[in-house]
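Reader: Hi! Could you walk me through this one, starting with the charged pairs?

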Amino acid sequence: MTDRKILAQIQADSSLSHAQLGDLVHLSASQVSRRIARMQADGPIRKQVALLDEQHLGLTVEAYVSVTLTSYSREVVSGFHERVSALPQVLDCCATTGDADYLLRIVTHNLKSLSHLINTALLGHGDVANVRSSIALDVIKRTTALPLEQVPS
């Protein structure tokens, strides 16, 4: 339960010092430090990063792109994975069920750059059969906080 409280606090603000976290969860700074180090080693804390604002940085186009491959051979799939992993504009790439094989979340600075990315980086390599894109008009909810109340005790 205490670890979950620490996780909730660092999900909200990872810049808090161990002393500040200790005050919030009623532990000493050294106890917080040991718990965080253990959670980093054991895996619940993958890494700590700064979340940047896309709009402020001029990355004003967000698209969700579904991709269907031409084949499911090991070579085709691994080639697609390597190519997509190397694209900094692709923030997320998930294998999915349903009509498409993958769903990509892409951010770019304008529609022309999105078009170029789709036409040169995704299409034209012989492994992608179909691409469908949807442009996000507005973000209603975005969070990086996991629903910790759903985590089994």
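Author: Happy to. A salt bridge here is a side-chain nitrogen of Lys or Arg within 4 Å of a carboxyl oxygen of Asp or Glu. This is a predicted model, in which local features need pLDDT of at least 70 and side-chain atom pairs count only at pLDDT 80 or more, while totals for chains, interfaces and linings use all residues. Residues are numbered from 1 along each chain as its sequence is written, and side-chain values use heavy atoms, with hydrogens and water left out.

Reader: Good. How many salt bridges does the structure hold?

Author: Seven. One of them joins E62 to R105, with the closest N and O atoms 3.4 Å apart. E62 sits in strand 1 and R105 in strand 3, so this pair ties together parts that are 43 residues apart in sequence. Helices (H or I, at least four residues) and strands (E, at least two) are DSSP runs, numbered from the N terminus.

Reader: Are E62 and R105 buried or exposed?

Author: Both are buried. Buried means under 20% relative accessible area, exposed over 50%, and partly exposed in between, using a 1.4 Å probe and protein chains only. For R105 the relative accessible area is 16%.

Reader: What else does R105 form a salt bridge with?

Author: D92, where the closest N and O atoms are 3.0 Å apart. D92 belongs to strand 2 (residues 90–95) and R105 to strand 3, so the pair ties together parts 13 residues apart in sequence. D92 counts as partly exposed, at 34% relative accessibility. Through shared partners, salt bridges join E54, E62, D92, R105 and R142 into one network.

Reader: Nice. And where does D127 come in, the one that meets R83?

Author: Their side chains meet in a salt bridge of 2.9 Å, N to O. D127 is in the loop between helix 5 and strand 4 (128–135) and R83 is in helix 4, so the pair links parts of the chain 44 residues apart. D127 is buried at 6% relative accessibility, and R83 is buried as well, at 17%.

Reader: Switching topic: which residues of the largest nonpolar core touch the most other members?

Author: V65, V67, L69, F80, L104 and L122, out of 20 residues in that core. Strand 1, helix 4 (74–85), strand 3 (102–108) and helix 5 (111–122) each supply at least two of its residues. By nonpolar core I mean a set of buried Ala, Val, Leu, Ile, Met, Phe, Trp, Tyr and Cys residues joined through side-chain atoms within 4.5 Å. A second, separate core has 12 residues, including L7, L16, L21 and L148.

Reader: What is V67 in contact with?

Author: Leaving aside neighbours within four places in sequence, V67 is in contact (heavy atoms within 4.5 Å) with residues including F80, Y102, L104 and V128.

Reader: Back to polar things. What about D3?

Author: D3 is in helix 1 (residues 2–12) and is buried, with a relative accessible area of 18%. Its side chain makes a polar contact with the side chain of R38, at 2.6 Å. A polar contact is a pair of N or O atoms within 3.5 Å; within protein, one must be able to donate a hydrogen and the other to accept it, and residues adjacent in sequence count only if both atoms are side-chain atoms.

Reader: Last one: what is the phi of H26?

Author: H26 has a positive phi of about 65°, although it is not a glycine. H26 lies in the loop between helix 2 (18–25) and helix 3, and is exposed at 70% relative accessible area.
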